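Grab the model and work through these exercises on how the chains meet and how the copies are arranged. Try each one before you read its solution.

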There are 4 protein chains.
Amino acid sequence: MAVGLGLIGTGFMGKAHALAYSHARPVFGNLPSVRLACLCDTPRERADAFADQFGFERATDDWRDLVASPDVDIVSITTPNALHCEMALAAIEAGKHVHCEKPLALTLEDARRMAEAAERAGVVTLVGYNYVHNPAFQHACRLIETGVIGKPVHFRGWVDEDYQADPDLAWTWRARKADAGLGALGDLGCHLVSMATALMGPIESLIADTQIIHETRRLGEGDGRAAVENEDTASAILRFSNGAQGSLCTSRSAWGRKNKLDWEVHGTKGMIAFSQERLNELQLYVNEGDRGRQGFRTILTGPDHQPYAAFCPAPGHQLGFNDLKTIEAARMLEAISGKDTAHPNFADALAFEAVIHAIDESARSGRRVVLDQLKRNPS
Amino acid sequence: MAVGLGLIGTGFMGKAHALAYSHARPVFGNLPSVRLACLCDTPRERADAFADQFGFERATDDWRDLVASPDVDIVSITTPNALHCEMALAAIEAGKHVHCEKPLALTLEDARRMAEAAERAGVVTLVGYNYVHNPAFQHACRLIETGVIGKPVHFRGWVDEDYQADPDLAWTWRARKADAGLGALGDLGCHLVSMATALMGPIESLIADTQIIHETRRLGEGDGRAAVENEDTASAILRFSNGAQGSLCTSRSAWGRKNKLDWEVHGTKGMIAFSQERLNELQLYVNEGDRGRQGFRTILTGPDHQPYAAFCPAPGHQLGFNDLKTIEAARMLEAISGKDTAHPNFADALAFEAVIHAIDESARSGRRVVLDQLKRNPS
Amino acid sequence: MAVGLGLIGTGFMGKAHALAYSHARPVFGNLPSVRLACLCDTPRERADAFADQFGFERATDDWRDLVASPDVDIVSITTPNALHCEMALAAIEAGKHVHCEKPLALTLEDARRMAEAAERAGVVTLVGYNYVHNPAFQHACRLIETGVIGKPVHFRGWVDEDYQADPDLAWTWRARKADAGLGALGDLGCHLVSMATALMGPIESLIADTQIIHETRRLGEGDGRAAVENEDTASAILRFSNGAQGSLCTSRSAWGRKNKLDWEVHGTKGMIAFSQERLNELQLYVNEGDRGRQGFRTILTGPDHQPYAAFCPAPGHQLGFNDLKTIEAARMLEAISGKDTAHPNFADALAFEAVIHAIDESARSGRRVVLDQLKRNPS
Amino acid sequence: MAVGLGLIGTGFMGKAHALAYSHARPVFGNLPSVRLACLCDTPRERADAFADQFGFERATDDWRDLVASPDVDIVSITTPNALHCEMALAAIEAGKHVHCEKPLALTLEDARRMAEAAERAGVVTLVGYNYVHNPAFQHACRLIETGVIGKPVHFRGWVDEDYQADPDLAWTWRARKADAGLGALGDLGCHLVSMATALMGPIESLIADTQIIHETRRLGEGDGRAAVENEDTASAILRFSNGAQGSLCTSRSAWGRKNKLDWEVHGTKGMIAFSQERLNELQLYVNEGDRGRQGFRTILTGPDHQPYAAFCPAPGHQLGFNDLKTIEAARMLEAISGKDTAHPNFADALAFEAVIHAIDESARSGRRVVLDQLKRNPS
């Protein structure tokens, strides 16, 4: 019996979900079939047009209708962040599995409500922290787990883009806390937290600072300028539960960075480094063998790095962004069919997002913030 | 009315075609719908299993049945190279459009028969030289066309993998001319010719040398060794019709190279360089502006490089190998619906493959080979 | 009349000074001649041997003798850091110009005494922050000054090596605060502060954390283990006087990093990034021209980047570490001959070292540290 | 007793020799002392000025006087290539050791006369193929010799600069065969031959093509244009005596290349690649260990790669172009003091230059050229 997908949203992430769910079984094989049951967007004409393009059986402009529909097993939520909470709670209440884009919500309180509702309802949840599904990233995690670089003792991470770098860009809703929540931390920083946690374990406490580079932006013709309320950059110094330290930086105003999401893990025997703009490569240095031959090696992803081989049997041929999303959809389908549990689920995402809110809080208070909620919601 | 796809083969390229045709319309929108009508492989169980996985309506183990089927509009041929010719001729005779993997055929004579049959029949053809559909590559072509690097005067290209680098690999059919045709030239070299031609125009003549590194390979247990009959490496020095010179090298025994397919075009005002293992990047040097600020710039593919935006609205998020195949399928669908002509078609491919056979001929004769067939079959 | 050099120390930096002073005039031409007057080390045999090798006129094992000698105009101090202060004060008192290796001293108090003594005496001073003399670095400073990347608004820097990465290394004096002072901050971090200050202006305040990764190290055979008293890593989040923010990280336990001393400056119109392990390259991104052609460009140092041309008239031929030291020596000779003032002098170095001590203080107190001494000693 | 250096020429290479000989003993220690005895250039004022700058004891504008002078033991010849032969023959006749810049001569006949004269006279000779002295290059040679990449079976090399890339550059003597001899091959290609030979052993035969991109260049104001008589690019396909094949390309019109002198050696167990514009790095791939961890490793030169440690005890600090020349001078001084023989000497250089003339000959004749002289003059 095919799994019915109800997808809300047809933008960047909406399309990515549609492409991912239509490829998951053709790529992986041993997964349930997927019916693209219902697509929701407004206005209705937009929903109709994309349902036709993506191959959905029907369209609607009423997300509550989609959530209630008996042919929908998974609700994918790809709407603006401010809408996630209400939709997810309704879907959970309707007993649906929920695949929600990151971040879960604008506030930590909403995120917690979502995680608690999901836990109570026992539905499968998954959050769109897609970069952790990259075979290169999974390989890095396994290298660390198997001790290849010794004990991980230090972490560095950066996540930068330039979509708010231009001083002449107009003001948008992204700059208003009530609409967008956090700035660079919510758009970008939380991705890095998801990776840092997978690599190093949970973050215990931190100190941080944030910065608004462009304090105001122009409104429409003749309307003057409005304030930017959320951070362009954030920097944090981390202490992990395992005793390691590290740092995390993010900027949405970093000219030339298109999808920089880079990190390095320092171990007692070696180092691993990664750069998202070259997502099929991993840098590995191990202190072993002839010293004159040691060096960072560039490992190019291939069939030795699962699940690359499901996409292509030849190494070095490169996966792309949408392929990572296909792996994410496959993880959801596996979880629904009981083969595995999906991660990062709502509880995991709550822990990630607690970190970005802690960064914001530390920057405002000037004090160290301890993340006890991580202990209450272990992933 | 949806276009019916009949796909022969379920290996590396078979899966790539299935994934590509199922994504083409969801990605691009303004294309005909595709019905995955029929999938052929042997044994029948394999065909059935993959038809189910990929979402084909039915399966067969008789390719002639597929070719004859009225619900099939496009025949995709992804079988071993030795089978392309017979299948393509039959499909053309049945009035089908044909999407064939590269190289067209083991011999130039067969390739010519295929090109001539297609031209007579007036069907749409496309050959799987998928790397030319990369947005980064298309951007390079446009930079050259618009004079950004001046007149192109010199070319260098390399296409290397390491699947035959290990001296201890067993002998396979790949090593026999009758089964596999050319060696590295047929597997790899022809891809580079397709790119060189798009960048520089047709090749007029060449001198070349080839090399068999591993002269014999082991047979099964106790069966001794058998000869390797086709080249592990080939090198050629090219003269282009536009007066430029250049060189082309290929190896299937180059340790560490997984999908190296690199080239550089030297112009009178600048240079462009590309590396397939980083397929979302282009290197551009232009002699303009302050000399102290000149340098090769790394252009990261994004929405400014069509058709990247159809996959993702954000720059730097990376396309993968299967995405290039999706663009290829879209080109086929456009051509069928009369919006455009598809390239590289059989005539184009004939010209590319004439070059690799000319390299082989020059290596054996020790003489310069002039490619007049290029003049008879301009692309 | 030739300038007499008295050099104390024959280790890594001693040799570097000897090589630098013997090349400065041959490379640059318009500088005073240098007499390698006196070399000091202990034991006397070592001093004699190196004086012969380096071409010094005479040797001594008594640094006070060297400092007092009338044929010595410049005293170069390259001894262990704990000895700098006493030697520099004696040299200043003797009216000598002083070229001292970094850091000035183990404590900020000693560094301040040195800076104040030099100012009172009116002698020329220079501190071995040699990386700021790199033509690529100087070019970066000029690009920022001339507005090429707009207003600098954010900074990131890392300085990592792996000389203390191995858990099995024996305990040495480097691990004792009384002998070595700070750890990674003193060896490495201060270099990055010198670069950050040149690029961004002075640092106003910071928050920080530090980490000892290897808490004890083995003593000699059967002697057990001793504590490591100073930091293996340090991380700081900076606020600059110009309103920019940024971060600075350093580690002496970062496997695979041999001389990483990397930074990036984010501006409102572009970005500049640099990596010391590729010291002849600069990465520049500017938001101008056709968006489809924008990208980080790799600027390879050449005659357009002064003073590269003094070493080599052809671009891309590469300067090395010792060449940077030669430029440093040339700056000292220019200052002595009145053509220019030398930087970073003792006052500049005091400001740099105030930052690393502030990082240490913040890490211990958990509080933001404000650097008012920077205002008292502007460079 | 100090070795007396007589240096003819004060340009790019003249200065490089002066710097190299003044540093050789300070850097290496166990070498004879060097007296900078005599510097020759015209006009006399230039010779005087540079003698003063470089620290030579005296100057002359008469190279025959320098050659005849009893205080000169080594004659360094850094004059325009057309002058090398006469000067070297005179120096050899005077019993001097000769350090000559590359190429030896404009014609192979002159080069052979020089090599034969040197052999008859028994003097030490050395030719300025300085790139082979790079510790990274020497390390590559040792990796190959010790079998780390198995048997070397294929070679690729490129040597490109852009000093003749601009179509608007004026005509100079460089374009006239009688003055300059070969074009890119003489300036650049011969360097690559020196490296290829060290890595792979001698070249046995080749086929080649050459190209003049800019057929004429402008003369002075109102004087029209003159022909360019020598090649802008050359390409050759090589057969080595050890059975390997390979290719070699060179261009003096390659925009953006400042000192590209790159090569790769394909072995049966691995690959080594090198890029001169990053002269402190070596790329090594070896087929050993876990396949999922294989990759090209970037080996950063350090004390494990001799003789780097003589310059700097810390890895990753980078050598520069002039340091390679210092190693070259040290090799000359060692040879003179009987510790070693110097290479590449005149006989070696004759073999290298036979290759570039063979390339030119093959390009003109269209035929394979066999290099038997290599057998007569083994290095």
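**Exercise 1.** This is a predicted model. Work out how many residue pairs are in polar contact across the interface of chain A and chain C, and how many salt bridges the rule finds there.

*Solution.* Start with the polar contacts: 18 residue pairs turn up across the interface of chain A and chain C, with both partners at pLDDT 80 or more. Next, the salt bridges: there are 8 by the rule. To check one of them, go to C:Arg156 and A:Asp160, whose side chains pair up at 2.8 Å, N to O. The cut-off is 4 Å, so a pair at this distance qualifies.

**Exercise 2.** Describe the side of chain A that touches chain C: which elements give two or more residues, and how do the residues divide by type?

*Solution.* First list the elements of chain A: β7 (152-160), β8 (203-211), β11 (233-240), β12 (245-251), β13 (260-267) and β14 (270-274) each give two or more residues. Then sort the residues on this side, which gives 17 nonpolar, 17 polar and 12 charged.

**Exercise 3.** Find how many residues each chain brings to the contact, and the area buried between chain A and chain C.

*Solution.* Count residues: 46 come from chain A and 46 from chain C. Now the area: about 3300 Å² is buried between the two chains, with carbon and sulfur atoms giving 52% of that.

**Exercise 4.** What rotation and shift superpose chain A on chain D?

*Solution.* Superpose them, and you get a rotation of 180 degrees, 0.0 Å of shift along the axis and an RMSD of 0.0 Å. The two copies are therefore related as by a two-fold rotation axis. Finally, look for the C-alpha of chain A nearest the axis: that of A:Arg297, 1.8 Å away.

Definitions and conventions: Residues are numbered from 1 along each chain as its sequence is written. Chains are lettered from A and ligands numbered from 1 in the order in which they are written. This is a predicted model: local features need pLDDT of at least 70, side-chain atom pairs count only at pLDDT 80 or more; totals for chains, interfaces and linings use all residues. Side-chain values use heavy atoms; hydrogens and water are left out. Contact means heavy atoms within 4.5 Å. Buried area is the accessible area (1.4 Å probe) that two parts lose on being put together, summed over both. A polar contact is a pair of N or O atoms within 3.5 Å; within protein, one must be able to donate a hydrogen and the other to accept it, and residues adjacent in sequence count only if both atoms are side-chain atoms. Helices (H or I, at least four residues) and strands (E, at least two) are DSSP runs, numbered from the N terminus. Ala, Val, Leu, Ile, Met, Phe, Trp, Tyr, Cys and Pro count as nonpolar, Asp, Glu, Lys and Arg as charged, and the others, Gly among them, as polar. Copies are superposed by least squares on the C-alpha atoms of residues with pLDDT of at least 70 in both.
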